[in-house]
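This report describes a pocket and a helix packing arrangement. The sequence and the structure are shown below.

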Amino acid sequence: MLDPTDKFPCIFGVDAVARKTLRYGFVRSGNHADQLADILRSFTNVCEELGKRTSLVVFFESWEADERSHESYYREFWNLLRATSERDTRPWPAEHAVDTEDARFEFCFNGTPMFVVVNTELHTDRRSRSFERVAITFQPRFVFDDIQPNTKTGDNARKIIRDRIGEYDRAPLTKMLGDYGDPSNNEWRQYYLDDGSDTIALGRCPVSFNSEGSDLS
């Protein structure tokens, strides 16, 4: 990510690596949702103390998809996100919609809204989403607070990122990109992108979320 000759598109991720504010989690084979919930709870308890440019990258020892395809990985990802949410003991923040069809939707856990990005070994042309195994990155929403749309800083950051994606990826720039809160944008569609066809996230989100926290302790 720090290679100056092959610049990684996400400037916020690069900044987090450079500042050493990136945090990592490791999920072993077994009950992925229980492990991921514990990792997310630990991260969200301290993320605001880490600074503006922080994220959590979670690496999976195995991936329990039915087959080795984007469609199967996509279903497994969303089932995992829903199962993990069911282990959250805090209610969904009221200012963020729980309905994925609402432009205000963002995945939330432990009271923290987070933008989610999935990387897999199946991504070859979309290099910005490629990794040797499944990894899921969780970016707290506050990372984007000072780069809002229609601001000089925000518009400049988006231009840099999209220009870098154009150079870094062999796949065309996805049409799923959009700004949070824009009525025409569904944030969840950007979580898992396929390898260039832009078809996997069409239609409705395959799962739904509950606004009430679980009674787990």
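## Largest pocket and helix packing

Helix 4 is the element that gives the most to the lining of the largest pocket, supplying 5 residues. The model under discussion is a predicted one. Within the largest pocket lies a space of about 980 Å³. Its lining comprises 40 residues, and those nearest the pocket centre are Phe8, Cys10, Phe115, Val117 and Gln139. By class, the lining of the largest pocket consists of 22 nonpolar, 10 polar and 8 charged residues.

The elements in the table each supply at least two residues of this lining.

| Element | Residues |
|---|---|
| Helix 1 | 11–19 |
| Strand 2 | 56–60 |
| Strand 4 | 112–119 |
| Strand 5 | 135–140 |
| Helix 4 | 152–168 |

A separate topic is the packing of two helices. Two packed helices are described by the angle between their axes and by the distance between those axes. For helix 2 (residues 32–46) and helix 3 (residues 70–85), the angle is about 60° and the axes are 9 Å apart. Helix 2 and helix 3 are therefore oblique to each other, since an angle of 65 to 115 degrees would be needed to count as roughly perpendicular and one under 35 degrees to count as roughly parallel. The crossing of helix 2 past helix 3 is right-handed.

On the side of helix 2, the contact is made by His32, Ala33, Leu36, Ala37 and Leu40, while helix 3 contributes Leu80, Ala83 and Thr84. The residues of this contact divide into 6 nonpolar and 2 polar, with no charged residue.

Definitions and conventions
Residues are numbered from 1 along each chain as its sequence is written. This is a predicted model: local features need pLDDT of at least 70, side-chain atom pairs count only at pLDDT 80 or more; totals for chains, interfaces and linings use all residues. Side-chain values use heavy atoms; hydrogens and water are left out. On a 1 Å grid over the protein atoms alone, a cavity is a set of points where a 1.4 Å probe fits but cannot get out, and a pocket is an open set with protein on both sides within 12 Å along at least five of seven lines; lining residues have an atom within 4 Å of a point. Grid points are joined across faces, edges and corners, and a volume is the space filled by probe spheres set on the points. Helices (H or I, at least four residues) and strands (E, at least two) are DSSP runs, numbered from the N terminus. Ala, Val, Leu, Ile, Met, Phe, Trp, Tyr, Cys and Pro count as nonpolar, Asp, Glu, Lys and Arg as charged, and the others, Gly among them, as polar. Axes are lines fitted to C-alpha atoms, for helices over the stretch in contact, and angles run from 0 to 180 degrees between N-to-C directions. Angles under 35 degrees count as roughly parallel, over 145 as roughly antiparallel, 65 to 115 as roughly perpendicular and the rest as oblique. A crossing is left-handed if the near helix is turned anticlockwise from the far one by less than a right angle, and right-handed if clockwise. Contact means heavy atoms within 4.5 Å.
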